[in-house]
Amino acid sequence: MLGQAIWWSGIAVEALLLVRGFRGKLLSRYPGFYAYILFVLLQSVLRLSIYHSRPRLYPSVYWITEWLGILAGCGVVFEIYRTGLAAYPGTARLARNLLAFVFVITFTKAIVETWNDSHWWLMASTMDLEHALRGVQAVAIVALVVLFLFYSIPFGRNLRGILLGYGLFVGESIVWLTFVSSGGEKFREIWSYVHPASYLIVLGLWAVHTWSYAPNPVPRRAVHLEEQYQKIAATTSRRLREGRGYLAKVVGS
C-alpha cells in the first residue's frame, strides 16, 4: 500500500508540474526539463497499467522505459547548462559540445560492450549504462556549480530548483546503482521504498521552485567568463593553424 501511495503521489505531482508549467508559461523557457517530466509521467502511467494488467510483462517494460529515461535525463543536464550559461553563449556552446561528446562516448561504449546480448536493454546492461551516465551527469552538475560559485554567478529560483532536485536524484541513483549488486536482498527491499520516496521529494522541490517564472538575476560584479572563453578559443584556433601549416610543410618536403 505504501508503494502504491508513493507511486500515485508521484504521478499527481508530475501532472501538477506540467499544469503549472503551462499556466506559468514555463514550458517554452525550460523545454528539456518539461519534456522530461512529461516522459516520466507517461512512463509511470504505462508501468502502473502493465503492473496491474500484465504483471509478467512488467520487468521488460520497466527496464526498457528505464533505458529511455536515462537518455531523457541527459536532456535535463543540457537544459541546466543552456539556462545557466545563457548569458555566455560561447562558454555554453563549448560546455554543450563537451557534454555531448562525453555522453555519446559513454553511451557508445555501453552499446558495444553489450552488442552480442540479445537482451541488452534489460536489467544488467541498463544498470551499467545508467551508472556510467549518472556519473557523467553528476560530474557535469558539480562542475557547473563550482563554475557559478567561482565567478559569483547567482542562480535564479527556477534554475536552482531544477539543479538541486536533479542533483539529488542523480546522487541517490548513484548510491543505489553502486550497492544494489552487493547490498543483498534486504538492501534492495529497503531501497525499493527509499528510491521512489526520494524521487517524490525531488518532485516536491521542483514544484516549489517552478511554481512561477523567475529569471536568473544579474551578477553583482562583472563576470569575464565570455572574455576568457574568447581568448582560449583564439589561442586554440591560432595553434591549430600553426599545426596545419607545419604539417603542410612536412608533407611538402
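Is Thr65 buried or exposed, and what is its relative accessible area? In this predicted model, local features require pLDDT of at least 70 and side-chain atom pairs count only at pLDDT 80 or more, while totals for chains, interfaces and linings use all residues. Residues are numbered from 1 along each chain as its sequence is written, and side-chain values use heavy atoms, without hydrogens and water.

Thr65 is buried, with a relative accessible area of 8% (buried: under 20% relative accessible area, 1.4 Å probe, protein chains only). The residue is found in helix α3 (helices are DSSP runs of H or I, at least four residues, numbered from the N terminus). A polar atom of the Thr65 side chain lies 2.9 Å from the backbone oxygen of Tyr62. Beyond neighbours within four places in sequence, Thr65 is in contact with Phe39, Gln43, Leu46 and Arg47 (contact: heavy atoms within 4.5 Å).

Helix α3 (residues 58-84) also packs with helix α6 (residues 157-179), at an angle of about 145 degrees and with the axes 10 Å apart (axes are lines fitted to C-alpha atoms over the stretch in contact; angles run from 0 to 180 degrees between N-to-C directions). Residues of α3 that meet α6 include Gly73, Val77 and Ile80, and their counterparts in α6 include Leu159 and Tyr166.

The largest nonpolar core has 51 residues, and Tyr166 and Trp206 are among those with the most contacts inside it (a nonpolar core is a set of buried Ala, Val, Leu, Ile, Met, Phe, Trp, Tyr and Cys residues joined through side-chain atoms within 4.5 Å). Helix α3 gives the largest share of this core, 9 residues.

Conventions:
Helix = DSSP H or I, 4+ residues; strand = E, 2+ residues; numbered from the N terminus. Buried < 20%, exposed > 50% of the residue type's maximum accessible area, 1.4 Å probe, protein only. Polar contact = N/O pair within 3.5 Å; in protein donor to acceptor, adjacent residues only side chain to side chain.
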